[in-house]
Amino acid sequence: MKFGHFDDSNREYVITNPRTPYPWINYLGNEDFFSIVTNTAGGYSFYKDARLRRITRYRYNNVPVDDGGKYFYINENGKLWSPGWKPVKTELDRYECRHGMGYTKITSEVDQLEAEVLYMVPLGYHGEVQRVKLTNHSDRKRSFSLFSMVEWCLWDALEDNTNFQRNFSTGQVEIVNSTIYHKTEYRERRNHYAFYTVNEKLRGFDTDREVFLGLYNGFDAPDAVVESQSRNSHAHGWSPIAAHHLEIELEPGEEKQLIFVLGYVEVPGADKFVENQVINKVPAEQMIAKFQKPEDVDRAVEKLASFWDDLLSVYQLEHSEEELNRAVNIWNQYQCMVTFNFSRSASFFESGIGRGMGFRDSNQDLIGFVHQVPERARERIIDIASTQFEDGSAYHQYQPLTKKGNDAVGSNFNDDPLWLILACDEYIKETGDWSILDVMVPFDNDESNKATLFEHLKRSFYHVVHNLGPHQLPLIGRADWNDCLNLNCFSETPGEAFQTTENKEGGVAESVFIAGMFVLYGDAFVKLCEKRGLDKEALEAAGHIDDMKKVVDEHGWDGLWFIRAYDHFGEKVGSNEREEGKIFIESQGMCIMAGIGLEDGRARTALDSVKERLDCEYGIVLNNPAFTKYYVQYGEISTYPEGYKENAGIFCHNNPWIMIAETLEGNGDAAWEYFRKICPPYLEEISDLHKTEPYVYSQMIAGKDAFKPGEAKNSWLTGTASWNFYAISQFILGIRTDFDGLVINPVIPKAWDGYVVTRKFRGATYRIEVSNPTHVSTGIAEVSLNGEKLEGNLVPICQEGSVNQVGVVLGK
Ligand code: BGC
Ligand code: NOJ
């Protein structure tokens, strides 16, 4: 069952039924000011940091599920409705929510009165603009009240949710004409306030939530709205809000536009006040002046659209399957930008108060957006590397506002450092910017202790070499990629955090997964050394990699697949010797991506085992058989019921590792089948089961052992976005960036006739036309550049600004 449809020409998903199986959301904002908006106008805003600078309040896991947002109410002669359906939930004669690239437009109609609300964050603007268009389609004159309402958050979202003895006495506002200012804590140490305004004279306003709603009412029936009479309340403590009340009159056929702005302002200390208690409103007035006329909004909309034209134009596919086109050209790339902006901080599954930016997450996210915003990728790499410790280990997370490592979570996730090599390698391949390796980057943000980025990579590499266990495999630490495989934790105490507890400190548990990573990204490090003429370094590092390969051969192979790890007692994890958790996906993907077993058939054997034991209708599960009881020596993985999350859920993040592994085996049909199974547009028809948005990936789909296989959770903020884009764009469609050009190596289903990819790379454009006349999966008969046959499959870097035709014929 579907709840809407794709509109590819507008790059939108159009929801036509407000009762989606879960709130289906979108993200607004690209740099500093961000909003989350649901298909029924729920959601909230923040500035840079969802925890520390929350602008409007939101209650997660609420009843009903999505309550609170950027609401509008219409009261026409006692008939109440909301353009977003919620919160009033009056049946609408028409409803449509268009989630687009950085904006959301909800249009609805009741009794021939149409209301369209556009929510957007203009580029370079610290605020959300809401354009409300009201149109009278009837042949009688209409007059009605329009109310707006947002609820302020008292800045620190965690405090806001917990410290009520204080919060209920601190709230402060000012009201001037049509603008409501929220200035809680501004009198003391904050130099920022927020405002909500409209470009029209008010009939009235409210700023005290209890007065506006009535203490015992919900958002669906505020007293002021029901009575069409705002109270002009002035908040003192309790819960400050901003609600505007406007009287609207529309002649038959008339349309009226209103512009609301929710803004955020910082004022330097000396200029904070114009007199005691009166805040300096000049910066807010300047912001407001920018959005007074409908044309101002139109222009911002156009700019946003051309911003996205540019971003998405770097990789564009023309294929006969429209689902694939919309995944590759629009939604997968859009999701990659969202994960770049938000990491794992704020979604409908991440509260914005829990996690900062992940070291491993951000490095992996980068491979999905580096082609779109290389300069910002560069900055991100430096930010991440700046949190690394001298010994090569890394803070697991850092806060985006301070960019400092997060002490509470700490370090000792032993895969973390290696992901930095992946990010740098992909960055240089995309941009050719070798200078990044010479940038002086601090350790642990200490400006007095710096080394080149190259040195940081070296420390990442040697952190593994210096931390080997009894089998000479890498020590796992608190966990590797799988946060829930906690082999040194041994937790018997309820509530203890699996990720930060190490009851077996100095533990000896080892990871075959990190061993594969070390071979893969260690090899990338060796190539970087070679390119820089550091032959001795390269040789030495290559020696360590050879050693590691031998160790994996000796201790990492179980007969039909790669072992996952060794636990504290030296017992194999992910082995046929075990009763449960015999096989894990991660070490199959990572070891084969590293090339281990490609030559001697073990890779094929392991992939066949994946097919046989892990694959199911909805994707590849993480492990099998699922754990049915708690294993103290394994930790959190065995706490999840079977089929969910890391315990045999379809953890979509590492499905692409298997896709890539299949491409390395030349098996395009298998790679494609795995891709298609979890690719959102292909799941649109089962939206009722899938539950989360059909336009983006979710972290997890319940696996074959679950109560409800096929049901997804944790949409939007997941490494799934970047890895799937990486797999389809570079390994299946096979347009791979390299230091000296684009390597062309498609591995596709035999049935495909061909496709065209337009790729912008190092300032030139390449129109790559792939044809498959003999219906093979892989193998290249010929590559030509502007009509001339090339030796091999490397398309060299062409002149900046040039447009080039690349012909690719698959076959023998
Ligand atoms: C989740 C993981 C997550 C970790 C860290 C665990 O409970 O299952 O997916 O990475 O917490 O937040
Ligand atoms: C989500 C985390 O953000 C990521 O870092 C981790 O690799 C996966 N969960 C798997 O546990």
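Trp561 counts as buried, at 0% relative accessibility. Buried means under 20% relative accessible area, exposed over 50%, and partly exposed in between (1.4 Å probe, protein chains only). Trp561 sits in the loop between α13 (535-555) and β28 (565-566). Helices (H or I, at least four residues) and strands (E, at least two) are DSSP runs, numbered from the N terminus.

This is a predicted model, in which local features need pLDDT of at least 70 and side-chain atom pairs count only at pLDDT 80 or more, while totals for chains, interfaces and linings use all residues. Residues are numbered from 1 along each chain as its sequence is written, chains are lettered from A and ligands numbered from 1 in the order in which they are written, and side-chain values use heavy atoms, with hydrogens and water left out.

**Around Trp561**

What does Trp561 touch, not counting residues up to four places away in sequence? Its partners are Gly556, Gly574, Ser575, Asn576, Lys582, Ile583, Gln588, Ala606, Ser609 and Arg613. Contact means heavy atoms within 4.5 Å. Trp561 and Arg604 are 43 residues apart in sequence, yet their C-alpha atoms are 9.3 Å apart in space.

**Helix pairs**

Gln588 also takes part in a helix pair, α14 with α15. Helix α14 covers residues 585-593 and helix α15 covers residues 602-614. Their axes come within 10 Å and cross at roughly 150°. Axes are lines fitted to C-alpha atoms, for helices over the stretch in contact, and angles run from 0 to 180 degrees between N-to-C directions. α14 and α15 are therefore roughly antiparallel to each other. Angles under 35 degrees count as roughly parallel, over 145 as roughly antiparallel, 65 to 115 as roughly perpendicular and the rest as oblique.

The crossing of α14 past α15 is left-handed. That term applies if the near helix is turned anticlockwise from the far one by less than a right angle; clockwise gives right-handed. On the α14 side, the contact uses Ile585, Gln588 and Ile592. On the α15 side, it uses Ala603, Ala606, Leu607, Val610 and Leu614. By class, this contact has seven nonpolar, one polar and no charged residues. Ala, Val, Leu, Ile, Met, Phe, Trp, Tyr, Cys and Pro count as nonpolar, Asp, Glu, Lys and Arg as charged, and the others, Gly among them, as polar.

A second pair joins helix α11 (residues 453-465) and helix α12 (residues 512-531). They pack at an angle of about 145°, with their axes 10 Å apart. The crossing of α11 and α12 is left-handed. From α11 come Phe454, Leu457, Lys458, Phe461, Val464 and Val465. They meet Ile514, Phe518, Gly522, Phe525, Leu528 and Cys529 in α12. The contact of α11 with α12 divides into 10 nonpolar, one polar and one charged residue.

**Covered helices**

Helix α8 (residues 359-369) has 11 of its 11 residues buried, so it is largely enclosed by the rest of the structure. Its buried residues include Arg360, Asp361 and Asp365. Helix α17 (residues 668-678) is mostly covered, with eight of its 11 residues buried. Among them are Trp672, Tyr674, Phe675 and Lys677.

**Loop details**

Thr692 lies in the loop between α18 (687-690) and β35 (698-701). Thr692 is buried, with a relative accessible area of 3%. Leaving aside neighbours within four places in sequence, Thr692 is in contact with Trp24, Phe349, Ser698, Ala712, Lys713 and Ser715. The C-alpha atoms of Thr692 and Ala712 are separated by 6.0 Å, at 20 residues apart along the chain.

Some backbone angles deserve a look.

| Item | Angle | Loop |
|---|---|---|
| Val63 to Pro64, cis | omega near -10° | Pro64: between β6 (54-56) and β7 (71-76) |
| Asn624 to Pro625, cis | omega near -15° | Pro625: between β33 (623-624) and β34 (650-651) |
| Ser343, not glycine | phi about 45° | between α7 (322-342) and β23 (357-358) |

Trp85 counts as buried, at 8% relative accessibility. Ser343 is buried too, with a relative accessible area of 0%.

**The whole protein**

The protein has 19 helices and 44 strands. Of its 812 residues, 64% count as buried. The C-alpha atoms fill a box of roughly 80 × 60 × 50 Å, taken along the principal axes. Residues 24 or more positions apart account for 68% of the contacts with a separation of 6 or more.
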